[in-house]
Amino acid sequence: MNALTHPEVQALQTFPAPQVPAQPSQQMLLVPLSRLRPSRRNVRKTAGPSIEALAASIGRVGLLQNLTVTLAADGGHYEVVAGGRRFAALKLLAKKRRIARDWDVPCLLVADSSARTASLTENVQREAMHPADQFEAFAALVAEGRPVEDIAADFGVTPLVVQRRLRLANVSPRLMADYRADALSLDQLMALAVTDDHAAQEAAFYDAPEWQRSPGALRQRLTEREIGADHALVQFVGLDAYTVAGGGIRRDLFAEDEDTGTTLTDAALLEKLVREKLEAMAEPVRAEGWAWVEAVPHLTPAERQAFQNAPRTRREPTAREVRRMEVLQVRITRTDAGLEEAYDADDEDKAETLHQRREALATELEAVQSLLIGHAPEVRAMAGAIVTLDREGQPMIHRGLLRDAEAKALRALGAARQRAANGQTPGDDDSDSDGSPTGDAPHGAEHLSDRLAQRLSAHRTAALQIELARQPQVALAALVHALVQQALQGGYRNALPLGLRMSLRDRLEDLAPDWPGSSAALALRELRHAWADRLPQEPGELFTVLLDKSQDELVQLLALCTAPAVDVVTPRTTASQPGAELAQALGLDMAAWWKPTAESYFQHVPKVAILNAVAQFAPNEVSRLSKLKKAEIAQEAERLAEGSGWMPAVFGREVPETVKHTEAEASDD
């Protein structure tokens, strides 16, 4: 379209009088902005989101293209049929007092009959310049000495946009030519612009098959020897420390954020900084008395498995530690009581505060107790430690690591001390003057070395294992024998060569005061007593009796002895409860062993939680109950829940059909 400068238009024509002139087919005019208004015949209905940017550009550079107008019916205004975005930008400048409200706007007056045609022609026939031409034009402006900030202001964009276009203008000429020919996409060009090396750009694109030319693959190929700013090593050292040490970085202007778009180019320097920082952290660990301490940035699971764990012992707490643990336990007990009161009073804010306090107290108590378990000085004199990083770049210390030779030496030291504790010496009781074993040594073994004895006993162990595997009755009896002594007889006097121990944690009564009187506890106690009365206490006699039992009886005993080892107690409600697979395999139905009553549940949760529960099995009662006190609501909830099958979500139970049916009826109502 035609575009005239402001002085040229003034020289050609001044603004006409309000009376309607004879309209030529086309005529250039200077029209005050206040006398312009939008036309319904402008074919562009959507102005777009860039009016502010266009206004900024016009404010700095001027209006480079005139508007196209027709004379309005009132004869005193002109309607803009083409150039609606420019008109909107001028109005915005006038609103911001950047130009006068009657600023003279260059306009091309067209006949009323051709208004829509002129509007459509301007919008359809206009062709946007190729992006490559725009990139090179921005680079030319910078080459002329124009600052990036001024260029950004002229075109109403941010300096980052200008920097991105300059980076694209610096892509290899061969690649830019192919981009003009649509042989590669703008996304591919942006990925290649991550480096300024034209040879590397061309090799990354042309040396790869077409199916490996995605933007992600190209970017990875050009930065494969660099380290991202979000890498664990960088998180540990810190990007600032790396740059202060002289490390180079590369920023991808087209990345979504700064972290993912920043890479470190000097991997050797980063590794050096990591090792130096880890070495500084290793110094206080060395002061603990370990035989060796190493600082390494990486420790794979396979490398960690190559070490054995040194034995740890529990020392007696000092008087100060005892007092501290007692104080913490008293505070936890008081906090638990306060939590119950807060739940009863429906004070959720107080309950949340007390809950956080209890977690802090429990964490402190656990920390004090953990200090009691450690490695003895003689163990530290043989074992070592490794200072390394985890996957997130957080430092971690592996203490008490033993190599094979160190583990054997530690076992030998323990055996020597055991003999000394028993009053034996290397030449006393177990050997004669030449060191040969005597006394209680088995027949035919008096000339065996320890190594050979271990080797032969290993073969005997293997033979016992396969024989036991082939005789299920004996295996089952041996397993039940070990478990019975622990689960039913309260001790571990197993005379059989089975390295089997079961962890029994009898803590349910501490956590649930109503547990001893529950139907599940009573049933288990009755079953245990019934079996305990039928079994002898002496280990050898017990094994003989078990061998005579049928497999069905042994399996029953095995199940009974295994049951106390189950522990799915959780410190808090979580989305996935432990033991879900076991509950599903057993077909557990908590409704058979537990009932939701005021005492067992409803009194211990906030009022809103009771109403939410009632909404599941008696939705029509919620409105009535909400007007009652909490104690009354709990009693009513117990009555309404009877027979509904409802269970708290912590039991991980599906909603019963009765509840589903009630909910469906409520939804219909």
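Q: Buried means under 20% relative accessible area, exposed means over 50%, and partly exposed lies in between. Is Arg-399 buried, exposed or partly exposed?

A: This is a predicted model, so the value is computed from predicted coordinates. Arg-399 has a relative accessible area of 35%, so the residue is partly exposed.

Q: Which residue forms a salt bridge with Arg-399?

A: Look for a side-chain nitrogen of Lys or Arg within 4 Å of a carboxyl oxygen of Asp or Glu. Here the partner is Glu-288, and the closest N and O atoms are 2.9 Å apart. Glu-288 sits in the loop between helix 14 (267-286) and strand 9 (292-295), and Arg-399 in strand 14 (residues 395-402), so the bridge ties together parts that are 111 residues apart in sequence. Glu-288 is partly exposed, at 28%.

Q: Which parts does the salt bridge between Glu-364 and Arg-324 tie together?

A: Take the contact, then place each end. The side chains of Glu-364 and Arg-324 meet at 2.3 Å, N to O. Glu-364 belongs to helix 17 (residues 348-370) and Arg-324 to helix 16 (residues 319-344), so the link joins parts that are 40 residues apart in sequence. Glu-364 is partly exposed, with 30% relative accessibility. Arg-324 is partly exposed too, at 29%.

Q: How many salt bridges are there, and which residues do shared partners join into one network?

A: The count comes to 21 salt bridges. Bridges that share partners join Arg-37, Arg-41, Asp-74, Glu-79 and Asp-112 into one network.

Q: Where do Asp-133 and Arg-180 lie?

A: First, the contact. Their side chains form a salt bridge of 2.6 Å, N to O. Asp-133 lies in helix 5 and Arg-180 in helix 8, so the pair ties together parts that are 47 residues apart in sequence. Asp-133 is partly exposed at 31%, and Arg-180 is partly exposed at 32%.

Q: How many aromatic pairs are there, and are Phe-135 and Tyr-179 stacked or edge-to-face?

A: For paired rings, planes under 30 degrees apart count as stacked and over 60 as edge-to-face. The model has 7 aromatic pairs. Phe-135 and Tyr-179 are stacked, because their planes lie at 15 degrees, with ring centres 6.4 Å apart. Phe-135 is in helix 5 (residues 131-143) and Tyr-179 in helix 8 (residues 173-180), so the pair bridges parts that are 44 residues apart in sequence. Both Phe-135 and Tyr-179 are buried.

Q: Are Tyr-601 and Phe-602 stacked or edge-to-face?

A: Apply the angle test again. The planes of Tyr-601 and Phe-602 are at 80 degrees and the centres 5.3 Å apart, so the pair is edge-to-face. Phe-602 is buried, with a relative accessible area of 0%. Ring pairs link Tyr-601, Phe-602, Phe-617 and Trp-646 into a cluster.

Q: At what angle do helix 27 and helix 29 pack?

A: Two packed helices are described by the angle and the distance between their axes. Helix 27 (residues 607-617) and helix 29 (residues 630-641) pack at about 25 degrees, with axes 10 Å apart. Angles under 35 degrees count as roughly parallel. Helix 27 and helix 29 are therefore roughly parallel to each other. Their crossing is left-handed.

Terms used. Residues are numbered from 1 along each chain as its sequence is written. This is a predicted model: local features need pLDDT of at least 70, side-chain atom pairs count only at pLDDT 80 or more; totals for chains, interfaces and linings use all residues. Side-chain values use heavy atoms; hydrogens and water are left out. Rings of Phe, Tyr and Trp (its six-membered ring) pair if their centres lie within 6.5 Å; planes under 30 degrees apart count as stacked, over 60 as edge-to-face and the rest as tilted. Helices (H or I, at least four residues) and strands (E, at least two) are DSSP runs, numbered from the N terminus. Buried means under 20% relative accessible area, exposed over 50%, partly exposed in between (1.4 Å probe, protein chains only). Axes are lines fitted to C-alpha atoms, for helices over the stretch in contact, and angles run from 0 to 180 degrees between N-to-C directions. Angles under 35 degrees count as roughly parallel, over 145 as roughly antiparallel, 65 to 115 as roughly perpendicular and the rest as oblique. A crossing is left-handed if the near helix is turned anticlockwise from the far one by less than a right angle, and right-handed if clockwise.
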